[in-house]
Amino acid sequence: MGVVTSLSPFLLVGVGGVLGALSRHLLGERIDTRTADTLAVNVVGSFVLGALLAAPLDSSLLLVFGTGFCGAFTTFSTFAFETVRLAETGDPQRAAVNAVVNLVGAVAAVLAGGALVTAVL
């Protein structure tokens, strides 16, 4: 833990970001549908972030896993792009469902992650 706390915040976020981006890429290769891939990483990443924020963690660990890992693992810009693309290609109903499911799912996942950690600790 001493080594982690002595590193610069930029390095901590960078290390977490590399791990998050690689994890996101590996998960994306296992799921066929692009919008399902985006939904999965956003919900899972939001759950992990909720759990991390509820846990009594050192600020350095929050930089690595919260800001770096979860920030790179989740992809809300891709979610926004895919939603707009669905609307532009004549499928506004599917675009609306995609937006609601991603947003509600992510918020519910943050709450669930935080509640789980609070219940366990």
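In what order do the elements of the chain run from the N terminus on? I read α-α-α-α-α-α. The chain has 6 helices and 0 strands; helices (H or I, at least four residues) and strands (E, at least two) are DSSP runs, numbered from the N terminus.

I noted the sources. This is a predicted model, where local features need pLDDT of at least 70 and side-chain atom pairs count only at pLDDT 80 or more, while totals for chains, interfaces and linings use all residues. Residues are numbered from 1 along each chain as its sequence is written, and side-chain values use heavy atoms, with hydrogens and water left out.

I looked up the extent next. The C-alpha trace spans about 55 × 30 × 20 Å along its principal axes. Of the 121 residues, 33% are buried (under 20% relative accessible area, 1.4 Å probe, protein chains only).

Then I took H2 (residues 9–30) and H3 (residues 34–54). Their axes, lines fitted to C-alpha atoms over the stretch in contact, come within 9 Å and cross at roughly 140°; angles run from 0 to 180 degrees between N-to-C directions. Arg24, Leu27 and Gly28 of H2 meet Asp37, Thr38, Ala40 and Val41 of H3, with contact meaning heavy atoms within 4.5 Å.

Beyond four places in sequence, Val41 contacts Arg24, Leu27, Phe73, Thr74 and Thr75.

Conventions. Buried < 20%, exposed > 50% of the residue type's maximum accessible area, 1.4 Å probe, protein only.
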